[in-house]
Each structure stands twice: as C-alpha cells, then as structure tokens.
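Keep the model open while you read.

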Amino acid sequence: MSTLNADLHCHSAVSDGTLQPEVLASRAKANGVELWALTDHDEIDGLQRARDAALSIALPYLTGTEISVTFADTTVHIVGLGFDADNAALKAGLVATRGGRRERAMEMADGLAKVGIRDAYDGALKYVGNPELISRTHFARFLVESKVCLDTSEVFRKYLVEGKPGFVPHRWATLRNAVTWITGAGGLAVIAHPARYRFTATEEYALFTEFIAHGGRGVEVVTGSHSTVEALRYAGTALEFGLFASRGSDFHSPDESHVDLGRLPALPVPLTPVWAALESRIQRPA
Ligand code: AMP
Ligand code: MN
Ligand code: MN
Ligand code: MN
C-alpha cells in the first residue's frame with residue numbers, strides 16, 4: 001500500500017508551473033505514477049482538464065489544490081486532496097485567497113525598480129498563464145530571462161525573500177479557513193513540505209496541534225522539498241500526531257524542478273498513506 005507510486009503535489013501553468021495540465025498527466029503516466037493530483041496554488045481551474053486527461057490514459061486521479069496560509073507571520077502551504085471541486089465555499093475561499101496577488105505584484109515591481117530592475121511587472125506577466133495567479137515564481141523567471149540572475153533559486157535568495165527588495169509581506173488565508181474549506185468540501189487537508197518553514201519547535205508544535213484541531217489529517221513526508229533526513233523526521237511527526245502521510249514531487253517545470261513527477265522514494269513503511277483515507281474519492285476510468 002505505501003509503495004504505490006502516488007504523486008499528490010505538482011503545479012501547472014494555471015498557477016506557477018510551466019506545463020499544461022494535460023502534459024503533466026502524460027508525463028506522470030510516462031514516469032510510472034499510479035495515483036496523481038494536480039495541486040495548483042490557490043486555484044482549481046485546471047482540475048477538469050487534469051481529470052479528463054488522467055482518465056483518458058487510465059491514470060487514477062484525485063482533486064487537489066495548495067492553499068497559501070499565514071500562520072505565526074509565516075507563509076504555510078496546506079494541500080487539499082479529494083474534495084468536491086464544485087463546492088461553493090471552497091471556490092469562494094480560493095477566490096478570496098487569490099485576491100490581492102495583482103496589487104502585491106505591483107508592489108514587488110516597485111521594490112525591484114528601486115534597485116534598478118525596471119518593468120518587472122510586465123516582464124513577470126509574460127510568464128503568467130492565469131491572470132489571477134501572478135506569483136513570485138513568474139518574477140523569478142523574468143529576472144533569469146533578463147540575466148539579472150543565473151537561475152530562479154538565486155533570484156529568490158537575492159530578491160524575493162523577506163528583507164530583499166522584491167519581497168512584499170502578504171496576508172493569506174487563515175489556517176482555520178483553509179482546513180475548513182477543504183474538509184467542508186469532503187477533502188483531506190495536508191500540511192505541505194513542513195521542513196521548508198523556519199519555525200521554532202514551539203511554533204511547529206502549535207502549527208500541528210491547531211491544524212489537527214481544525215480538522216486537518218495529513219502531512220507531507222516524502223516531497224521534492226525534503227531531504228532523506230527531513231522525510232524521516234516528519235515520518236516521526238506523522239506517527240506522533242496520528243496523521244496520514246502524503247507523497248508528492250512539487251514539480252513545477254522540467255527546467256527548474258530537481259524532482260520529476262513520480263521520481264520519489266517510497267513512504268517509510270510504518271506510515272498510513274493519505275490514499276488509504278481517500279479510497280472513495282479516487283477517480284478511475286469507467
Ligand atoms: P508566491 O505564492 O507568489 O509567494 O510564490 C511561492 C512560490 O515560489 C512557491 O510555490 C515556489 O514555487 C516558489 N519558491 C519559493 N521559494 C523558492 C526558492 N527559494 N527557490 C525557488 N522557488 C521558490
Ligand atoms: Mn509554486
Ligand atoms: Mn508549497
Ligand atoms: Mn507546491
């Protein structure tokens with residue numbers, strides 16, 4: 001069960017990935033993925049295309065999204081899986097979470113202009129597939145194209161993280177709302193890539209306990225964002241808190257992502273995978 005090649009975290013051009021949902025489905029299938037979810041940031045507009053493509057190539061499929069949350073003044077990502085994509089409260093919540101990205105992007109461009117990088121807003125827009133979903137990743141691609149930096153990770157380090165000229169603090173959804181939107185739509189909420197947050201032990205404990213109190217039930221253990229040591233550490237956290245374990249590449253682009261779709265280690269054996277709790281939500285070809 002835990003050896004299933006599930007990839008339950010990736011992005012299409014509907015958020016900050018570079019490939020279309022259909023291309024991702026084919027790539028997942030070719031890489032041996034046996035259960036797939038597209039999890040665009042704060043957006044589910046690509047899901048119908050993802051589902052149709054997956055089912056047409058006999059790739060079992062779950063609905064997905066990755067919601068941006070502000071917790072303890074830090075941005076935390078909550079993945080939702082297996083929800084009803086027609087749920088009105090979830091859709092309204094995602095619209096509200098996306099709102100403000102355009103203004104934030106204009107402020108980011110102002111910050112970059114102050115250090116001599118001009119027209120970054122229009123530059124980033126050239127990379128945007130969805131006008132409601134302009135993200136830091138699109139700015140990063142523009143700064144690489146403009147030869148300001150060699151790659152996107154250098155752009156983030158020098159320009160797009162806290163304290164740097166293109167960083168604009170932003171208030172996303174609350175943890176309670178994000179978890180409630182997902183579970184209210186029949187889905188399972190998962191803490192994405194926990195090792196990425198720079199929390200103290202106390203803050204991390206608060207994140208997990210509040211997440212569970214709101215109805216959250218899963219944590220990403222094996223992800224493209226975790227080292228082997230980090231995966232083992234959060235395997236321990238999953239057991240400690242009684243959470244289902246998830247697995248996903250967080251694939252964005254063939255040019256930028258280190259981990260391709262489905263090319264991940266198996267979940268450590270003692271864990272119960274999220275897909276054990278989502279059996280009735282998995283869509284398969286008729
Ligand atoms: P945003 O939602 O606009 O704040 O953008 C967040 C996205 O930026 C994440 O989902 C990643 O795709 C990307 N990102 C964040 N940090 C880094 C980094 N250090 N290097 C490359 N990409 C990053
Ligand atoms: Mn992203
Ligand atoms: Mn994320
Ligand atoms: Mn992601």
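Donors here are N, O and S atoms within 2.8 Å of the metal, or 3.2 Å for Na, K and Ca; water is not among the atoms, so sites may look incomplete. The model is predicted: local features need pLDDT of at least 70, side-chain atom pairs count only at pLDDT 80 or more, and totals for chains, interfaces and linings use all residues. Residues are numbered from 1 along each chain as its sequence is written, chains are lettered from A and ligands numbered from 1 in the order in which they are written, and side-chain values use heavy atoms, with hydrogens and water left out.

Take the manganese ion (ligand 3). Its protein donors are Glu66 through OE, His77 through ND1 and His193 through NE2. They lie 2.1 to 2.2 Å from the ion. Along the chain, the spacing reads E-x10-H-x115-H. Glu66 sits in strand E4 (residues 64-71), while His193 sits in the loop between strand E6 (188-191) and helix H9 (201-213), so this pair ties together parts that are 127 residues apart in sequence. Helices (H or I, at least four residues) and strands (E, at least two) are DSSP runs, numbered from the N terminus.

Now the manganese ion (ligand 4). His9 belongs to the loop between strand E1 (6-7) and helix H1 (21-30), and Glu66 to strand E4, so the two tie together parts that are 57 residues apart in sequence.

What separates these ions from the manganese ion (ligand 2)? For ligand 3 the separation is 5.7 Å. For ligand 4 it is 4.6 Å.

Turn to ligand 1. Its surroundings include Asp16, His41, Ser135, Phe156 and His252 (a heavy atom within 4 Å). By class, the shell has one nonpolar, six polar and four charged residues.

For Arg104 the distance is 2.7 Å. For Arg101 it is 3.0 Å. For Thr137 it is 3.2 Å. The protein covers 78% of the 510 Å² of accessible area that ligand 1 has on its own (Shrake-Rupley method, 1.4 Å probe). Helix H4 (101-114), helix H6 (136-145) and helix H7 (152-160) each give two or more residues to the shell.

Methods
A polar contact is a pair of N or O atoms within 3.5 Å; within protein, one must be able to donate a hydrogen and the other to accept it, and residues adjacent in sequence count only if both atoms are side-chain atoms. Ala, Val, Leu, Ile, Met, Phe, Trp, Tyr, Cys and Pro count as nonpolar, Asp, Glu, Lys and Arg as charged, and the others, Gly among them, as polar.
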